[in-house]
Amino acid sequence: MARTTSRRAASGSRAVQPTQSVGASKDVNDSDGSLTDLSSEGEESDAGKEEESDSDEEMDEDDDENDADFGSSRKKKTTPRRSAARATKARSANTTPRVRKTAGGGSRNGTNKTPRSTNKRSGPSRTRAGITTSTPSAARSRTAASRDELPINADNDIFNAVKDANSALQSNAEDWVVAFSDHQGRAMAELVNFVIRACGCNGSVDENQVIDIDNVVDNLEELQEVFKKQPIPSYPIVSRSKTFKSFRKSLNEFLHRLVMSAYDAEVLTSDGFMEPFQAWVSAMSSSSLRSFRHTATVVALWTISALNEVNAQATKDLSTATKQRDAEKKKARADKSRLKDLESKVLESRKLRSQLEGYVNEFINSVFVHRFRDFDAGIRSECVEALGSWMKKYPTQYLQSSYFRYIGWVLSDGNANVRLAAVHAMTGLYTRDNFVSSIRNFTEIFKGRLVQMATSDVELGVRIAAINVLVMIDKHDLLEDEQRDLLATHIFDVEPRIRNAVASFLANILDEKVSEGTSALGSLSAASKKKGKQAEELQQEQAKLRFKCLAELLVRYGHRLDTQDSDASANGTERGLSDELSAVIDGAKEGRVGMAVEALWDAVEELQHWKPLIDLLLLDHSAQKAGGQRKGSAAAENAAPAVYRLETEEEATLVEALVAILGKTYAGAELVDDPEDNTKEDVSRAMISALPKLLAKYRTDAPRIADLLLLPQVMDLEVYTELQESAAFEALWDDVSNQIQRHVEPLVLKHGVRTLQRMLATTSQSTVNNTKLSALEEGLVSSLRETVSDRDVETAGFSEDEVHLLAANMLRLHLVSQVANTSDALEDDENGQATSGWEIVLGIAGRGRLAYNEEESLVRDAAAVLTLHIMWKTRQVIMPESSSQAAVAEALLAKRSTVLSLLEEFVASTQSQACVGVQRVAFEKLATIHMLYAAIPQQTPIAAVSAAVATGDDFSGTAAEGDVLQHRSGPHLPALLALTCSADVQQHCTSFVQGEIERYIEKAGVLGKEANSAGADASDEDGNDGADDDGNEDEDEDNEDEEDDIEATPKANGTRAS
């Protein structure tokens, strides 16, 4: 996909601003717009719209050959190659022939630029940089061969030393300095050839070519022509082969040691060293070959780093010399000879520092300013990473607007790795307080882009890095409230790593809110101390305040996801941010608070202290006390102070948070293998006392009850027995049963049944479990009897209220039947005095024939209860301890036949009028029963086995006896209950499945999408048949497709579509 950049929004092109000297003022000033406006230097015209000409108006393209908009990957057409033999002497005016000259802000977008020479070139035109003739298969072969050994000649001592991970690079650097002192040309030839070898090229230059600066470009072109004839799978700094595993690290170390050794030997500023070295490296950095361009860029960047270190030392020496000179001047009787020496030393230090700054500026102007916009994203990343390291190590030189703009521009790069490098470059700038004042203006300009990256970038790593930077920025109070809220809302993000990154940001906001409420809490604490409260209790009050503030924040950010703020509707920008946020986060409410607690667990340590939260929830948070209360009454004592009094939504949020916190605490305790750890026991003891109170307080609030019913699942219920709290366990059973029978909300019933399952697993309370479960089952069946009132269930007419009651009770019975055997309660007919629950449920299931839409859920649950009853009874039959197996099997056979007949009527009958939902459930239950019986091994009759043994058919005596014993000792299905599915039923089920598939296709519109896709494919084929055969159609189509992508795709700046 084509890359696009924020520069598309710019109204025009601007020339690159001249790079300020290294020692320039570090004050950030964006009065000229240099921070926000992307330079158009090196911008290439659209392919097919401009043609290169060899006229007198020929543009200076050498520096721009591989420059491209850092967010664009648009392909360029190949242009004629200019002959190296026609190079003019116009280059001699520049120290490095690759430095670009601009005049009057000219660019290649319609404005004139200063021509490099008035002499017209003739001969073959030069290939545009960045364009290679390699085919896709060749590119793939290079990638595949990247681990192979590289065929590079071992004829350069420096290259061999750098390639060898065990070589002493300091000795090699010092030897080269000595060789340079003896013979400059020969030493420089060795150094330049070393760089050429590092590019993967086996060509070489002699000492005369090295020092001939005016013809560097021509000599380099000859090397590249030779290099193109010998394909190479990779080049050293990117190779994955074992030989070059440490080449990058060694190359960096060697360049550093070389510069330092040259500085110590006082040859660094010699005329024959840095000038030709820069000329060759700068020229290679503008090569059309990636290996040359990438390697030379890296060499230049690492050389700048070494020069920066030398410059820092020179600056320190200059400061020392200046202080010594000034101190000598202040003496009453100054030593003129010493003063003269000191003055000379100051001048020499200034000259050295000036020369070093010149070298650095030359590399930056000739390499960095072009390569940070290179067509290759890897090279752009190298430049950004290097600039970030310079800013951290040498803030005096690099914390200025002329360098900040590079970081700001690539924040909108189309490549994720480049954006990530830019964000990482900013990371270290906010860790030191003395840097903040220098980058405040830069932060004000680009913080909006950082927030956008943090909330909507398509790459997860970029989002996390941007969030980490914004966390540091926020510590310096540089973010606006709207930006803070937008970022903090992602505590509910669907991606866990984003939530974890935002957690520290939200923790800072939480600390601020707690600090604001501390003063009010302080006055409350002072009054409490008069009553004898201790310091520990004061901490509990502060913990309650923190939970209050957390609830307030979570409620606010939850509202931001659910609805758009009315104030934001007046501001288009804020409205866009809100729309974008709702597109990024799915907005699911269930489990939202739990996700936030999970993310905040390590960032907010106070969350791990759950006792204050329980105490806070048990308080009365009513806004006003009852009028007749007298001071000191129980109700007044239980009233929450205003400082941490909870609103209704905040209270609901903290109830959900309590469940998540206790669950997290209990899960963590289970992982601790420490017999002295009593966390689980502490949680269970606390909840034995608190849970009944909480259930009583929120008994009419179904969502809160749904949350609280999860708490027994994070308790050790055996503690009831250990503490001899059987009465409390019975009370818990009563509470859970009452909630199940009182509420109709599916979530309450689901959580209640899960709690029942957990309580039934408490073996030490089996007597209580059996008694309470039987009472619950009987209560559910009795409710069904009361509603139907001895009417013919299958044909009776029920009112809307009766249907609602029946549906609620049937859902309860369905859920309870999933975790407990309700067969006894369903079969109980009170000695013939009442209709059994089985008959009522069967009659309700039969109402599916009436096809009442309002009863669809009722019939579905009834069919599910019948199926579960068959499964429980089957289990009873096949278990070895089953008594009276034959009688039970006969009764089960009759019931199974009845249920299967009903289900087959709904699914496999051509006359079925049942609702679609009922048919689907019937098919599911029909398949479930058949698969259940197919999976259970059938019992082999003893007589049949004996006959087989006697005749010797299929059984040997020993094997037969063993099989019989095995069948007798394990679960087995009586032959009476053998089940097969008839061919007609299978055929009808097949038709039903086919119809379901067709309904799904029609609903999803799959057929329409396929038709549209087929039409588009046909159009593409027609277009391809009519394409030109000139060999350029692929490139033209790529250009058109990528231009369309630039206009249409929302991924232009690496952000998600909203």
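This is a predicted model: local features need pLDDT of at least 70, side-chain atom pairs count only at pLDDT 80 or more; totals for chains, interfaces and linings use all residues.
**Entry: the whole chain**
I found 41 helices and zero strands in the protein chain. Of its 1058 residues, 48% are buried. I then checked contacts with a separation of 6 or more, and 78% of them involve residues 24 or more positions apart.

**Entry: pairs of rings**
How many aromatic pairs does the structure hold? I counted 22. One of them joins phenylalanine 277 and phenylalanine 363 edge-to-face, 6.5 Å centre to centre and with 80° between the planes. I traced phenylalanine 277 to helix α8 and phenylalanine 363 to helix α10, 86 residues apart. Phenylalanine 277 is buried, because its relative accessible area of 4% falls under the 20% cut-off. Phenylalanine 363 is buried as well, at 0%.

Next I turned to phenylalanine 372 and tryptophan 409, which are stacked at 5.8 Å centre to centre, with 25° between the planes. Phenylalanine 372 lies in the loop between α10 and α11 and tryptophan 409 in helix α13, so this pair ties together parts 37 residues apart in sequence. Are these two residues buried or exposed? Both are buried.

**Entry: charges over rings**
I saw lysine 895 over the face of tryptophan 838, 5.0 Å from the ring centre. Arginine 896 has its charged end over the ring of tyrosine 933, 4.6 Å from the centre.

How values were computed
Residues are numbered from 1 along each chain as its sequence is written. Side-chain values use heavy atoms; hydrogens and water are left out. Helices (H or I, at least four residues) and strands (E, at least two) are DSSP runs, numbered from the N terminus. Buried means under 20% relative accessible area, exposed over 50%, partly exposed in between (1.4 Å probe, protein chains only). Contact means heavy atoms within 4.5 Å. Rings of Phe, Tyr and Trp (its six-membered ring) pair if their centres lie within 6.5 Å; planes under 30 degrees apart count as stacked, over 60 as edge-to-face and the rest as tilted. A charge sits over a ring if NZ of Lys or CZ of Arg is within 6 Å of the ring centre and within 35 degrees of the ring normal.
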